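Here is a short tour of one protein model, written for someone new to reading structures. Have a look at the sequence and the 3D view, then read on.

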Amino acid sequence: MSANDPHRSVSISRTSAGRFVATNARGGTLEFGSGDDTDFTPVELLLTAIAGCSAIDVDIFTTRRSEPTQFDVVAEGDKVRDEQGNHMGPIDVTFTVRFPEGDAGDAARKVYPETVELSHEKLCTVSRTVVLPTEVRMHVAD
């Protein structure tokens, strides 16, 4: 699979009760579970994917100008159970990124808020997929 190939896939295998391992097309693995231990849950992975996708965008654009002195991102929201079923309520992603004093830091600070917005509005495939109406189809294999 090349970076230009638009198809993405992961496979998931059960390793024990409430525990799973995801494997990507490049052979990378990630263990997750139902929340009975320290492993990430699927909802936490969703938050990680949303924040991580935009963090990568912001990192690419700002570090062309200056290396940050701090780069932290928090994604959070409440799990809701209502007439629509289980889902997340509004998800807030908060960036705390600092740059050193000087011309390079000033240049990074200038593009930083614009890049966060551009990531959310156009670049980040993960948050764009969540925001847009995206069909998810479930299948049962023979």
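## The disulfide

Searching the whole structure turns up one disulfide, meaning a pair of cysteine sulfur atoms within 2.5 Å. The partners are Cys53 and Cys124, with an S to S distance of 2.4 Å. Cys53 sits in helix 1 and Cys124 in the loop between helix 2 and helix 3, so the bond ties together parts that are 71 residues apart in sequence. The torsion about the S-S bond of Cys53 and Cys124 is about 140 degrees, so this disulfide is right-handed.

Are these two cysteines buried or exposed? Cys53 has a relative accessible area of 17%, so it counts as buried, and Cys124 is buried too, at 0%. (Buried means under 20% relative accessible area, exposed over 50%, and partly exposed in between, using a 1.4 Å probe and protein chains only.)

## What you are looking at

This is a predicted model, where local features need pLDDT of at least 70 and side-chain atom pairs count only at pLDDT 80 or more, while totals for chains, interfaces and linings use all residues. Residues are numbered from 1 along each chain as its sequence is written, and side-chain values use heavy atoms, leaving out hydrogens and water.

Helices (H or I, at least four residues) and strands (E, at least two) are DSSP runs, numbered from the N terminus.

Helix 1 covers residues 42-63, which is 22 residues. At 1.5 Å a residue it should span 32 Å, and its end C-alpha atoms are 30 Å apart, which agrees. (The expected span is 1.5 Å times one less than the number of residues.)

Its buried residues include Leu47, Ile50, Asp57 and Val58. The buried residues of helix 1 pack against strand 4, strand 6, strand 7, helix 2 and helix 3. Over in helix 2 you'll find Thr115, which counts as buried at 4% relative accessibility. Thr115 touches Asp57, Val58 and Phe61 (contact means heavy atoms within 4.5 Å), not counting residues up to four places away in sequence.

Now for the strands: an open sheet of three has the order 1-2-3, with antiparallel pairing. (Two strands pair if DSSP finds at least two bridges between them.) Strand 1 and strand 3 are the edge strands, each pairing on one side only.

Strand 1 and strand 2 share six bridges, and Ser11 stands opposite Thr23 in strand 2. Their hairpin has two residues between the strands, and Gly18 takes a positive phi near 70 degrees there. Strand 2 is joined to strand 3 by five bridges, with Val21 opposite Glu31 in strand 3.
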